[in-house]
Amino acid sequence: MTITELPRTAAPNDPVSYTPTAVSDAPTFVSDAPGSVSETDKRKPIKTGNDRLMTVLSVAVAAGGPLVGAIGFAMSYSTLAKKALSWGFSESLAPWFPVGVDASILVFLALDLYLIRKDTPWPLLRMSAHVMTGATIWFNASSQGHITDDPVRAASHGVMPFLFVIGVEAGRRLFIKKTQLEAGTATDRIPFHRWILSPVATPRFYRRMRLHDVTSYPEMIRRQQELTGYEQWLKRKYNGDLSKASEDERLPMKMAPYGYTVAQALAMPEQQERQAEARAEEAERRRLDAETRREVALKQAEADRLVADGELEAVRARVEGNTAQARAHAKAQANAAERASEVEEQALETALVAEARARQAEADRKMSQEREAQAAADLRAAELERQAADKRKQAAQADREAAAEAQAIETQAIAEARKAASEANRAAAETEEAAAETLRRAAEKNRQAAQEVEQRAVADANAQAARQREAEAELAAAETRLAAAETERRAVEIEDEAKASPRERAVRRVARMALAAGLTVDGLAHEDIHHELRERISIADIQRELAVSSTDTASKYRQEAAVLIGDGYRP
């Protein structure tokens with residue numbers, strides 16, 4: 001801000017004149033010089049006689065004011081009540097009409113004084129009270145007929161409300177003055193004779209007082225005197241040519257319209273220089289503070305970056321560890337799947353061997369059945385041979401009987417020959433019978449052997465069927481384990497892609513365990529799912545599978561797995 005710019009605010013209402021230092025040879029204005037006002041706020045003391053007079057006047061006003069008001073209101077009440085009846089008011093409402101009019105005047109004036117006391121005046125209240133007073137005067141003046149018919153009579157009826165208004169305005173003026181004095185905002189009025197004696201300069205004088213909030217008339221006179229004296233001194237210094245004076249020396253004349261005193265105007269250059277220096281010092285201080293804050297911020301940012309790098313490395317190490325653990329787990333699952341596949345292949349080979357053995361046992365059983373049938377046929381042949389031997393024996397017996405009958409006739413030689421033949425036939429029959437018995441016993445043995453072979457074949461077939469069922473069960477279990485391993489591998493890959501935390505991985509692992517155990521959640525609420533999950537998977541299973549030592553952690557994993565399954569998780 002240069003010395004020619006306007007100030008941001010008006011000059012303070014300070015009667016003290018500061019000695020200027022910018023102009024070295026400027027005169028020092030002595031406040032107690034002849035013809036000047038030394039103390040602007042100082043008032044003449046009131047004498048004791050005046051105090052008594054003021055007391056008497058106050059008592060008179062205090063007693064007479066209400067009396068005049070009461071008389072005016074009484075006369076107004078009687079007149080307005082009669083006027084209200086003539087205007088058509090009912091007898092019950094007519095007496096209230098003057099009460100309402102007069103009460104509104106009192107209420108509006110009381111509110112006006114109250115708001116002035118609270119430093120929030122509202123001119124509308126005072127104007128409303130005056131309007132109602134004017135209406136009362138008009139109503140009273142016109143109550144005896146037309147005003148122009150008898151003006152004196154009309155004035156006699158309207159003078160009392162008018163006097164009441166005059167008294168209220170006088171009290172209001174006194175009240176406002178007292179309030180301003182208590183608040184320190186009382187403003188001196190310019191004497192009337194000044195308006196008469198100096199009609200051109202007094203409006204400018206009044207304008208400066210009001211614009212720059214100079215409440216003291218003597219203070220404004222002192223400022224005008226100082227400005228006039230300084231101007232005359234400056235003219236004497238430069239032989240009447242004020243254009244030779246410097247800008248700083250002409251400041252009092254330039255700044256006087258803005259409420260500055262001579263001393264304040266002359267002190268402006270030095271004050272502005274000091275303010276400029278202070279601003280420069282403040283700017284330098286702010287610059288240094290900014291540099292310090294910037295350095296601190298840089299160091300803090302560097303420290304935060306180092307901390308963030310450390311946290312990042314820790315997170316990276318933790319993630320790498322989790323990833324390595326997941327990969328190791330997936331590799332173990334893959335190895336388990338490979339082992340399950342090998343077991344499946346072995347089980348398949350065992351099933352094929354068992355099937356071959358079953359076919360061999362079936363062939364042996366069929367062979368034993370054929371041998372048994374052959375033995376039965378041999379047995380039937382031996383039985384037929386025995387029957388033939390019996391028949392031949394019977395024939396030999398018949399021959400012996402016939403020989404005995406013909407013995408008498410035949411000769412000794414023929415009898416002996418026939419006897420020898422009979423003996424030979426008998427021996428042959430016995431031999432054939434023994435052979436048939438031998439064949440029968442051999443057939444029985446063959447049949448028993450065939451039965452034993454068949455029983456062994458059936459036992460082998462049953463054992464082979466049991467081994468085949470076991471192999472099929474092992475194959476199904478291997479396929480289930482292979483599917484579980486594949487599901488686990490896909491789940492681990494998905495978790496790796498999603499960068500799941502170790503806790504999320506553990507919860508999903510428990511959920512997969514539950515689903516692999518046959519858990520069905522169709523139409524079940526979260527509580528029911530949790531109950532089914534407790535029935536199928538124990539805390540010990542979770543601890544063993546996830547290598548968790550805390551039962552509370554395992555229980556929380558199971559609860560979160562139930563919520564996850566209820567939300568629709570499927571691996």
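**Salt bridges, a helix and a patch**

Tutor: Glu 282 and Arg 286 form a salt bridge, with their closest N and O atoms 3.6 Å apart. Keep in mind that this is a predicted model.

Student: Where do Glu 282 and Arg 286 lie?

Tutor: Both are in helix α9 (residues 262-405). They sit four residues apart, about one turn of the helix.

Student: And how accessible is Glu 282?

Tutor: Glu 282 has 29% relative accessibility, so it counts as partly exposed. Arg 286 is partly exposed too, at 45%.

Student: What is the N to O distance for Glu 437 and Arg 441?

Tutor: Their side chains meet in a salt bridge at 3.6 Å, N to O. Glu 437 and Arg 441 are four residues apart in helix α10 (residues 412-498), so about one helical turn separates them.

Student: Which residues do shared partners join into one network?

Tutor: Glu 219, Arg 222, Arg 223 and Glu 226, through salt bridges.

Student: How many salt bridges does the count come to?

Tutor: 19.

Student: Switching to α14. Which of its residues are buried?

Tutor: Ala 554, Tyr 557, Arg 558, Ala 561, Ala 562 and Ile 565. They cover an arc of only 140 degrees around the axis, so they are on the same side of α14.

Student: What do those buried residues pack against?

Tutor: Helices α11 (502-516), α12 (526-536) and α13 (539-546).

Student: Last one. Which residues make the nonpolar surface patch?

Tutor: Tyr 77, Trp 87, Phe 89, Leu 93, Trp 96 and Val 99 make a patch of about 620 Å². Leu 93 is in the loop between α1 (48-86) and α2 (96-117).

How values were computed: Residues numbered from 1 in each chain as written. Predicted model: local features only at pLDDT ≥ 70, side-chain atom pairs only at ≥ 80, totals over all residues. Heavy atoms only, no water. Patch = residues over 30% accessible without salt bridge, like charges linked within 9 Å, V, L, I, M, F, W, Y side chains within 5 Å. Areas by Shrake-Rupley, 256 points an atom, 1.4 Å probe, with all protein chains shown as cover. Salt bridge = Lys/Arg side-chain N within 4 Å of Asp/Glu carboxyl O. Helix = DSSP H or I, 4+ residues; strand = E, 2+ residues; numbered from the N terminus. Buried < 20%, exposed > 50% of the residue type's maximum accessible area, 1.4 Å probe, protein only. Arc of directions from axis to C-beta. Contact = heavy atoms within 4.5 Å.
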